[in-house]
Amino acid sequence: MEDARPAGVSIIVPAYNEEDAIAATLDELVRVMEASPYQPCYEVLVVNDGSTDRTGAIVAECLPRYPTVRLLTHAANRGYGASLKMGARQARYDLLAITDADRSYPNDRIPEFVGLLEEHDYDMVVGARVGEHVAIPLARRPAKWALSRLANYLARTPIPDVNSGLRVMRRSLVERFFGLLPNGFSFTMTITLALLAEEYAIHFVPIDYRPRVGQSKIRPLRDTLNFVQIIVRTTLLFDPLRVFTPISLGLAILTGAKVLNDIVVYERHIATSTVVMAVVTLQLFVLGYLADLIISTRPRR
């Protein structure tokens, strides 16, 4: 079904306890968009995700000055992805831009991203945090590097920034993958992997990344483990052999080594545990191919 919404861009800003930065973020977004070619057809949707500080009140105070800004509210904190999905549901225009409320992303690049998407017919344009000035905390860099390597392997392509929070995309794509997209921080990672798996056109643009204003909501250990789970789950949905093949191969090598050990230690007698390992290895291998067969018969884009 064709998108019936008018041409333009809806900028979604999830906000949870961002009272120190939300006013400046709105000032920047409105200033940038008013000076852009998209001035007649844009809106800024702030999703107040159950904030317990003055975030909602500050946005409400800004509304009379900025007719293009709208405030949406969750009664309780539901998560970054839930806020983006609410904004997508309420968006008036056919293109969605997302950014954070903490002043970390260069929002003045949004009109450039919209122009690139329209000019080259990309499906999504992502701001990759690989510019000259990138202020990612040292404590988060090892986990980010590991997640990037895992995502690159499972997606079969280099991904400069798998979970950047500054991007422009077509609303129809968000709607297509709505049921797959999680409510937490892994929203951006999931839609990146899903679009790459379905061979949509994604363009990455290097950007700088400033230190955030206020306290980060990322929980390093818990969120990193969740990101790994999301990467593996998304890969299983689109390319299961990428997960099953290395696991089966590793078990096959261990089984072969145990067979040799049994021959030497037990004088050519194969232990029951070795037989079990061989059966499990075969079952995983067959399960992976069955999953791949099922995926291959599913209608693609």
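Q: Two strands pair if DSSP finds at least two bridges between them; in what order do the strands form the open sheet?
A: In this predicted model, seven strands make up an open sheet, and their order is β3-β2-β1-β4-β6-β5-β7. The pairing in the sheet is mixed. From one strand to the next, the twist averages 25°.

Q: What makes β3 and β7 the edge strands?
A: Each of them pairs on one side only. Strand β3 covers residues 69–74, and strand β7 covers residues 202–206.

Q: Why is S10 called buried?
A: A residue is buried when its relative accessible area is under 20%. S10 has a relative accessible area of 0%, so the term applies to S10. This residue lies in strand β1 (residues 9–15). Apart from its neighbours within four places in sequence, S10 is in contact with E43, A91, R92, Y93, L95, L96 and A97.

Q: Why is β1 said to be largely enclosed by the rest of the structure?
A: Seven of the seven residues of β1 are buried, so the rest of the structure largely encloses this strand. In a regular strand, side chains alternate between the two faces of the sheet. Both faces of β1 are covered: V9, I11, V13 and A15 are buried on one side, and S10, I12 and P14 are buried on the other.

Q: Why is V125 called buried?
A: The relative accessible area of V125 is 0%, and because buried means under 20%, V125 qualifies. V125 lies in strand β5. Residues up to four places away in sequence aside, V125 touches F113, L116, L117, L166, R167, V168, H203 and V205. From C-alpha to C-alpha, V125 and V114 are 7.8 Å apart in space, while eleven residues separate them in sequence.

Q: What makes helix α7 mostly covered?
A: Nine of the eleven residues of α7 (residues 187–197) are buried. They are F187, T188, M189, T190, I191, T192, L193, A194 and L195. E199, which follows α7, has a positive phi near 65°.

Q: How many of the residues of the protein count as buried?
A: Of the 301 residues, 46% fall in this class, and the cut-off is a relative accessible area under 20%. The accessible surface comes to about 15000 Å², and carbon and sulfur atoms account for 60% of that area.

Q: Which contacts in the protein join residues at least 24 apart?
A: Residues are in contact when heavy atoms lie within 4.5 Å. Taking contacts between residues at least 6 apart in sequence, 80% join residues at least 24 apart.

Q: How many helices and strands does the protein have, and what does its C-alpha trace span?
A: There are ten helices and seven strands. Along the principal axes, the C-alpha trace spans about 85 × 40 × 40 Å.

How values were computed
Residues are numbered from 1 along each chain as its sequence is written. This is a predicted model: local features need pLDDT of at least 70, side-chain atom pairs count only at pLDDT 80 or more; totals for chains, interfaces and linings use all residues. Side-chain values use heavy atoms; hydrogens and water are left out. Helices (H or I, at least four residues) and strands (E, at least two) are DSSP runs, numbered from the N terminus. Buried means under 20% relative accessible area, exposed over 50%, partly exposed in between (1.4 Å probe, protein chains only). Accessible areas come from the Shrake-Rupley method with a 1.4 Å probe; for residues, only the protein chains shown count as cover. Two strands pair if DSSP finds at least two bridges between them. Axes are lines fitted to C-alpha atoms, for helices over the stretch in contact, and angles run from 0 to 180 degrees between N-to-C directions.
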